[in-house]
Amino acid sequence: MGVTVVQNFPITENRTGPSTIELLTKRISALGAIQQGHFLVDCETYTSVPQLGNPRTVHILHNSEQPATVFSILETENKTIPLATDGLFDLLMIKMANFYTSKKQTKAESKGPRYEIGDFLVKLGTVTVSQNFKGVLVEVEYRPCVVPAMCWELMREFLQGFLGSTAQSAPPLYLQNRMQDIYSPIDTIHQYLEQFTIYRKAPGLRT
Amino acid sequence: MTSPGSAVDSLSAAIKCNIIPNQEYLLQGSVLDQYVEVLLHRLRGLCDNVDSGPESFNDHELCFTLRGNTPNSSMVLPLRVRRALDVPDAPWQLRYVGQHELGDKNRPTAVRSSIDMACSSTIVEFLTELGCRVDFEYIARGYMFRKGRMKITVSKIFKMGSMASKPNESVEPISQSYLVELSVLAPSGQDAIAEDMRIFAEQLKPLVQLEKIDYKRLAHIQ
């Protein structure tokens with residue numbers, strides 16, 4: 001487990017989702033990356049019923065990189081609380097159906113091929129929100145390091161190497177306040193949630 | 001190379017195959033402090049972990065409920081959180097325990113549905129902000145034995161009291177006895193295990209009488 005950066009890859013007017021993934025696949029393969037399976041990150045959002053008082057939101061996320069874990073992020077008016085549990089937490093959410101209901105139209109996921117290239121892990125994700133194609137998310141992990149500040153420059157250079165000018169010059173918003181902290185899988189989940197929230201709000205494709 | 005299925009799909013498949021241990025078969029009893037050594041000695045002889053001896057534990061358990069804030073709301077979800085005080089780095093435990101079902105006379109043990117999982121230490125804050133309230137909490141100290149799939153715990157229950165403010169102070173036991181529990185967590189429908197438990201409980205008599213406890217009856221005593 002290293003440091004991970006998740007960023008949107010804008011889809012230009014003359015391209016579709018699959019052709020964008022194909023383009024990125026070509027570029028990353030040219031650099032010597034080898035495909036190692038697929039990946040899937042999904043997110044379901046539940047909101048509290050009125051009888052529970054102040055509105056709260058629970059986001060339940062799964063990441064195929066940590067297949068035995070369910071990640072939850074609870075958002076209240078002024079707090080965000082992360083939780084990692086075993087897979088049976090999904091069963092508990094069913095028990096909570098009287099208190100927390102899911103907004104079916106918001107099920108978001110990012111899935112696609114997973115590549116290894118030296119110390120990096122690259123995932124090219126096709127993002128859908130309730131089955132509608134929304135855009136492309138690129139995840140890059142630099143595995144030998146766990147402190148973002150110590151490898152961000154290197155990661156940025158790597159990202160620019162295959163994303164070109166669309167690579168972000170600043171770290172993801174979520175990471176900016178945590179550059180000196182030890183990175184853990186929940187940090188990747190936070191970044192995905194941040195991205196999914198933007199995709200959900202976007203009326204059509206995110207460019 | 002196949003794509004990974006969604007976690008929810010694999011969970012539904014696991015439910016369909018009935019491989020999720022979501023039923024707890026349970027027998028309970030108690031033994032007075034002065035006789036606990038005799039019981040422990042007997043258990044040491046009967047159980048699997050003979051060489052290593054029984055495993056001791058010192059756990060803090062918080063019992064939460066999630067309920068609507070309208071009066072007489074029938075929607076209630078009980079949740080329990082347990083953590084090992086003696087192993088601070090161990091994951092915390094989150095557990096849903098359903099209605100205690102006694103069944104008819106022929107059923108050897110009580111059965112209750114149970115969803116048991118490890119979780120991160122943010123669980124208490126998570127549940128509190130989720131809308132859960134702490135009903136009560138206690139400390140359980142004792143020994144755990146294994147016999148095949150069966151788990152036997154002999155625990156002393158302590159009041160929390162001033163533990164939070166004075167962590168080093170000794171805590172107060174709630175009674176002069178130990179709680180003895182014999183349980184198995186299994187997928188539903190494995191009723192044969194209940195019979196094994198009945199036979200094992202027989203072997204502990206007369207040191208301890210393990211029974212299906214009717215909680216409703218206890219409520220009347222109070």
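**Before selecting anything**

This is a predicted model, in which local features need pLDDT of at least 70 and side-chain atom pairs count only at pLDDT 80 or more, while totals for chains, interfaces and linings use all residues. Residues are numbered from 1 along each chain as its sequence is written, chains are lettered from A and ligands numbered from 1 in the order in which they are written, and side-chain values use heavy atoms, with hydrogens and water left out.

The model scores ipTM 0.92 and pTM 0.91. The mean for chain B is 88, and 92% of its residues reach 70 or more. Where pLDDT is low, the predicted coordinates should not be read in detail.

**Stop 1: the interface**

Display chain A and chain B together. How many residues does each chain bring to the contact? Chain A gives 35 residues and chain B gives 35 residues; contact means heavy atoms within 4.5 Å. The two chains bury about 3100 Å² between them, 75% of it on carbon and sulfur atoms. Buried area is the accessible area (1.4 Å probe) that two parts lose on being put together, summed over both.

Next, select Lys79(A) and Glu125(B). Their side chains meet in a salt bridge, at 3.5 Å from N to O. A salt bridge is a side-chain nitrogen of Lys or Arg within 4 Å of a carboxyl oxygen of Asp or Glu.

Now select the side of chain A that touches chain B. The elements giving two or more residues to this side are strands S2 (34–48), S3 (57–63), S4 (69–75) and S5 (80–86) together with helix H2 (89–95) of chain A. Helices (H or I, at least four residues) and strands (E, at least two) are DSSP runs, numbered from the N terminus. S2(A) supplies the largest share, seven residues. By type, the residues of this side divide into 16 nonpolar, 13 polar and six charged. Here Ala, Val, Leu, Ile, Met, Phe, Trp, Tyr, Cys and Pro count as nonpolar, Asp, Glu, Lys and Arg as charged, and the others, Gly among them, as polar.

**Stop 2: a loop in chain A**

Most residues other than glycine have a negative phi, and most peptide bonds are trans. Select Ser130(A), in the loop between strand S8 (120–129) and strand S9 (132–142) of chain A. Ser130(A) has a positive phi of about 40° although it is not a glycine. Gln131(A) lies in the loop between S8 and S9 of chain A, and its phi is near 75°.

Are these residues buried or exposed? Ser130(A) is partly exposed, at 25% relative accessible area, whereas Gln131(A) is exposed, at 74%. Buried means under 20% relative accessible area, exposed over 50%, and partly exposed in between (1.4 Å probe, protein chains only).

**Stop 3: salt bridges within chain A**

Select Glu109(A) and Lys111(A), which form a salt bridge with the closest N and O atoms 3.7 Å apart. Glu109(A) is buried at 16% relative accessibility, and Lys111(A) is partly exposed at 41%. Then select Glu65(A), Arg114(A), Glu116(A), Lys123(A), Glu139(A) and Arg143(A), which are linked in a network of salt bridges.

**Stop 4: chain B**

Select Arg82(B) and Glu61(B), whose side chains meet in a salt bridge of 2.6 Å, N to O. This pair links distant parts of the chain, 21 residues apart: Arg82(B) is in strand S3 (residues 76–84) and Glu61(B) in strand S2 (residues 55–67) of chain B. Arg82(B) is partly exposed at 25%, whereas Glu61(B) is buried at 5%.

Move to Arg198(B) and Glu195(B), which form a salt bridge at 2.7 Å, N to O. Both lie in helix H4 of chain B, three residues apart, about one turn of the helix.

Finally, select Pro206(B), in the loop between helix H4 (192–204) and helix H5 (215–221) of chain B. The peptide bond from Lys205(B) to Pro206(B) is cis, with omega near 0°.

Definitions and conventions
pLDDT = per-residue confidence, 0-100.
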